[in-house]
Every structure is written in C-alpha cells, then in structure tokens.
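Hi everyone, thanks for having me.

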Amino acid sequence: MSDLTKLCDIGLIGLGVMGKNLALNLADNGYSVAAFDLDAGRVNAAVAQDEAERGSQDPRLVPCQSFEDLLSKTKQSRIIILSIPAGKPVDSVCSQLLALGLNLDDIVVDTGNSLWSDTVEREASYQGKFVFFSCAVSGGEVGARFGPSLMPSGDETAWARLAPVLEAISAKVDAKTGLPLVNNEPGNPVKEGEPCVTYIGPAGAGHYVKMVHNGIEYADMQLICEAYDYMRNALSMQPKEIAAVLREWNKGELNSYLIEISAEVLEQYDPETGKPIVDVIVDKAGQKGTGLWTAVSSLQVGSAATAIAQAVFSRALSSIKTQRVAASKIYKAPAKASFSEEEKQEQIKHLHDALYCAKICAYAQGFDLMKMAAKEQGWTLDYAKIAKIWRAGCIIRAVFLQSITEAYQRDAELENLLLDGFFAEQISKFEGSWREAIIGSIKAGIPMPAINSSLSYYDSFRTAVLPANLLQGQRDFFGAHTFERTDKPAGEKYHLEWSLPERPLVKIS
Ligand code: 6PG
C-alpha cells in the first residue's frame with residue numbers, strides 16, 4: 001500500500017487518454033504517481049478515477065500543480081514519464097524541467113510517437129544533464145490502461161532501473177501458447193506470463209521499431225479495408241454479413257485485433273439514423289505521420305516496403321474526396337457482375353487467402369526495413385524478441401506474430417520472412433487464390449492496391465532474373481552509368497560505347 005506522505009515512485013506529465021491510463025496502470029501495479037498536466041481538469045479527473053477505482057483509503061495518484069510541484073513530489077533519482085504530443089512539446093517540457101533542476105541520474109522517458117531521429121538528437125543533447133530515454137507505446141487507450149506493448153531504447157543503466165516498472169505495466173502472453181493473457185479489470189493486473197517489453201537498442205532504435213509497427217499497422221488496416229470493399233461493392237454484401245465473414249476469419253490464420261475491431265465497426269449501427277455506422281462515416285482517412293515516416297525511411301534505406309507505402313498513398317487518395325466524386329461522374333465502373341451463392345463463397349475464400357498472403361508480405365517488408373535500417377545505424381536488433389512483444393498489447397497483435405517469432409527463433413539471421421520454410425509453404429498453398437482475388441478486383445474495378453502491390457512484391461522477390469538488366473542497358477546508353485556482366489566477377493564495371501558504330505565494350509573498373 002502506498003503512503004502519500006512519502007515521495008512518489010514516478011512522475012508523469014501529460015494526462016490525455018494515454019497518459020491517464022498509463023498512470024492508472026502504474027497505480028494498479030503498486031506505484032505511486034505524481035501526476036501533472038497543463039490542464040488542471042485532467043489532473044483532477046485522473047485522481048478522481050484512481051480514487052473511484054481503488055477507494056479513498058488507497059489513492060496512488062498525487063495531483064501536481066506545476067512542473068516544479070511534480071519534481072518536488074517525485075523520489076530522488078527521478079523517473080519522469082512524458083505522455084505528451086511528439087515534436088516541439090517534448091523539447092519544451094525537457095527544457096522547462098532542466099531549468100527547474102534535473103539531476104544527472106534523473107530519467108525522463110518519452111512515450112510519445114516521436115520521430116526516431118529526434119530521439120537520437122535529444123539523447124545526445126541532454127547527455128551530462130539528465131538521462132533522456134525513450135519508450136514507445138502501442139495499444140491505444142485500453143492497452144495503456146491494462147497492458148501495452150512497449151519498445152524502450154537508450155541508456156542501458158537507465159533500462160536496468162526502468163525494466164521492473166515497464167515489465168509490470170506491459171501486456172503479458174502465455175509463455176507456452178504465445179496467446180495474450182488479458183484482464184481488463186481495474187486493480188487486478190495480469191502478473192504472470194511473458195511481458196511484452198524488451199530492450200530494443202540504443203537511443204532511437206525503439207522509436208524506429210515503433211514507427212515500423214505503425215507502418216505495418218497502416219498496411220494491415222488497408223488490406224482489411226480492400227477485402228471489405230470487394231465484399232461490399234462487388235459481392236453486394238451488407239456490413240453485418242461482412243462482419244460475420246471477418247468473425248469466421250478471426251478463428252484461423254488471420255486472427256488479430258484488427259480483424260476483430262473491423263467486425264465490431266461493421267456490426268455497429270448509427271444511433272442517429274439507424275444506418276450501419278460505416279455508411280455514415282466519411283471515407284477520408286486521417287493520419288498522424290508514422291506511416292508516412294515508415295514509407296519515407298523505406299525509400300531512404302532502399303527496402304521495398306510496397307504495401308506500407310501503398311497504404312499511405314491510399315489514405316492520400318481517400319482524402320481527395322471532391323475530385324473522386326467528380327471523377328466518378330466522368331468514368332464509369334465496369335458493369336456489375338452477378339454471382340451465384342457458390343461463386344460468392346468461392347470469392348470470399350479467395351479474398352481470405354489474398355489477405356493472408358498480402359499480410360505475410362507486409363510483415364516481411366516491415367521486418368526487412370528494420371533489418372536494413374539496423375545495418376545502416378549499427379543497431380543489433382533481435383527480431384524474434386520484437387515479434388514476441390507484438391503478440392499482445394499492441395494494435396497489430398495477432399496469432400500470426402507467434403509464427404514470425406518462431407521463424408526468427410529458427411534463424412536469427414533470416415534475410416526475409418519469405419525465405420522461411422513455414423511462410424514459403426503458406427504462400428505456395430494460397431498463392432493461386434491470391435491471384436484469383438486480384439483478377440476479380442480488376443474485372444470489377446474495385447481498387448486493391450495493397451493486396452495487388454504485395455503480389456507484385458512477391459513475384460519480384462521470387463524472380464531470379466528481373467528486367468533490371470534492360471534498365472541497366474538503358475542507363476548505360478544515355479548516361480554511361482556502366483553495368484556488371486553475368487559472366488564476369490561481381491563489381492567489375494563495363495560500358496558499351498553506344499554512340500560509336502562498332503559499339504565496342506570497355507571495361508571501366
Ligand atoms: C498504437 C497506434 C498509435 C496511434 C497511431 C494512429 O500503436 O497504439 O499506432 O500509435 O493510434 O499513431 O496513427 P494514425 O493517426 O496515423 O492512423
């Protein structure tokens with residue numbers, strides 16, 4: 001039981017949905033929390049919720065009126081958690097705390113969706129003043145409250161101090177089955193099982209891995225939306241009927257949080273009109289930027305994260321609603337085909353298989369991106385552990401992540417998930433259906449950019465000789481950019497003198 005006449009174990013700044021729930025989660029796990037937000041109403045609401053859940057005999061959230069107040073109410077060798085918007089607010093709060101007197105052994109933990117390179121800079125710029133540590137959080141508000149997936153990185157001594165706290169508040173999975181152990185009951189956190197937190201690496205690595213998590217999340221969501229679109233508009237199915245299909249899919253390989261919530265959204269009716277809620281939600285996707293950062297990073301490191309980039313492009317296309325409405329009046333969709341019940345069921349099966357194969361590709365791309373970035377940054381990432389901590393708590397949690405964990409446990413140096421025996425077998429089993437689904441979408445004029453680009457990724461990946469030989473010829477033709485020969489050692493460069501009539505071959509290096 002906590003004694004509030006004593007200093008608090010942890011200071012927490014920012015009591016929005018995520019911050020408040022992290023504070024309550026910490027309290028559930030026995031930590032006393034000095035809580036502050038610029039909005040005093042949020043402080044009062046968080047303290048009131050803690051008291052309501054725990055009873056006024058055992059409050060664990062201590063309200064603070066200012067940064068100074070929070071510093072004075074937190075135990076020395078402070079742990080201060082920031083749950084504030086990424087970007088400038090993080091710098092602003094850090095400099096205000098620093099001006100009030102942070103110590104060398106104080107740890108400030110940034111839990112926001114910060115850009116990983118900002119984290120690298122912050123860690124360096126605060127060195128010798130206090131420890132700037134990052135711990136990316138996934139799981140939305142319920143995750144924050146009852147167990148998120150956590151991706152900490154930075155100073156290893158700080159990690160040693162933070163590990164017990166982060167392990168306590170994180171989601172847990174059953175060590176034998178890899179399945180989440182859930183209890184969404186206040187005051188009763190899950191204590192057993194494997195915690196969904198692991199030290200990721202030096203500063204920035206955790207935020208990078210979280211960024212890729214979000215990129216995969218974008219792809220995963222887009223893939224589900226494409227399958228929905230086909231069922232709704234080519235197969236003329238009602239939202240409720242589609243929800244039933246998703247619930248069925250959720251019993252197998254596709255079992256995931258995102259499939260589950262998609263079914264819930266499709267089953268929901270609008271309280272105002274009584275229509276399916278999905279029909280009154282405007283089809284313009286928002287975004288806060290992490291998917292875009294992932295796509296940009298994939299271009300920069302040269303990793304073909306096509307499904308992730310496509311998901312970002314799809315959000316962009318969704319947002320130009322006025323133009324789309326205008327275009328819909330100019331361009332006719334292909335005539336709608338009608339399908340027998342048997343044909344419809346067959347197409348639903350194709351969609352399932354296409355979704356599964358495309359999902360494998362999207363995850364393969366995300367892990368490849370992390371691998372390429374780690375090489376560039378000199379990080380040693382443990383991919384089996386990353387897959388493990390995504391098995392529960394986070395938005396992309398899925399049964400499927402157990403298979404990814406096992407693939408990297410079989411081979412920690414695995415070049416690409418598509419080279420793992422299990423995934424190769426899965427793709428071969430469902431590939432035909434994947435192609436059929438895409439043929440169907442093309443005929444019906446239903447866009448399936450992420451499912452489609454994943455197939456192109458797979459087809460490129462499995463092809464020993466790509467037309468880049470012609471491309472290299474083109475580059476050499478107009479720019480003397482040279483090429484390597486299939487019959488000579490790698491690295492030897494050749495150029496053909498295209499402008500001379502005899503076109504002689506010249507060895508450049
Ligand atoms: C998570 C989520 C979380 C947030 C996304 C939403 O892992 O808990 O990814 O980080 O909900 O940033 O992103 P968009 O607003 O860009 O869709």
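This is a predicted model: local features need pLDDT of at least 70, side-chain atom pairs count only at pLDDT 80 or more; totals for chains, interfaces and linings use all residues.

Residues are numbered from 1 along each chain as its sequence is written, and side-chain values use heavy atoms, with hydrogens and water left out.

First, the ligand. A residue is near a molecule if one of its heavy atoms lies within 4 Å of it. Which residues come nearest to the ligand? Out of 14 residues around the ligand, they are S138, E217, Y218, K288 and R315. Helix α8, residues 205–233, gives the most to this shell, with five residues.

For classes, Ala, Val, Leu, Ile, Met, Phe, Trp, Tyr, Cys and Pro count as nonpolar, Asp, Glu, Lys and Arg as charged, and the others, Gly among them, as polar. The shell around the ligand then has two nonpolar, eight polar and four charged residues.

Now some polar contacts, meaning pairs of N or O atoms within 3.5 Å. The side chain of N113 has an N or O atom 2.8 Å from an oxygen atom of the ligand, and for the side chain of N214 the distance to a ligand oxygen is 3.1 Å. G140 uses a backbone N or O atom instead, 3.2 Å from an oxygen atom of the ligand. On its own the ligand has 420 Å² of accessible area (Shrake-Rupley method, 1.4 Å probe), and the protein covers 81% of that.

Next, the domains, whose bounds come from an automatic or database domain assignment. The chain has domain 1 (10–201), domain 2 (207–461) and domain 3 (468–507). Domain 1 and domain 2 each give at least three residues to the ligand's shell. The centres of domain 1 and domain 3, taken over C-alpha atoms, are 57 Å apart.

On a 1 Å grid over the protein atoms alone, a cavity is a set of points where a 1.4 Å probe fits but cannot get out, while a pocket is an open set with protein on both sides within 12 Å along at least five of seven lines; lining residues have an atom within 4 Å of a point. Grid points are joined across faces, edges and corners, and a volume is the space filled by probe spheres set on the points.

There are three cavities of 30 Å³ or more. The largest cavity holds about 70 Å³, and its 13 lining residues include I81, V109, T111, L166 and I169, the closest to its centre. By class, that lining has twelve nonpolar, one polar and no charged residues. Helix α7 gives the largest share, four residues.

Finally, where does the second largest pocket lie? Domain 1 and domain 2 both give residues to its lining, so the pocket lies between them. Its volume is about 490 Å³, and P180, V182, A392, G393 and R397 lie nearest its centre among 34 lining residues.

Note on methods:
A polar contact is a pair of N or O atoms within 3.5 Å; within protein, one must be able to donate a hydrogen and the other to accept it, and residues adjacent in sequence count only if both atoms are side-chain atoms. Helices (H or I, at least four residues) and strands (E, at least two) are DSSP runs, numbered from the N terminus.
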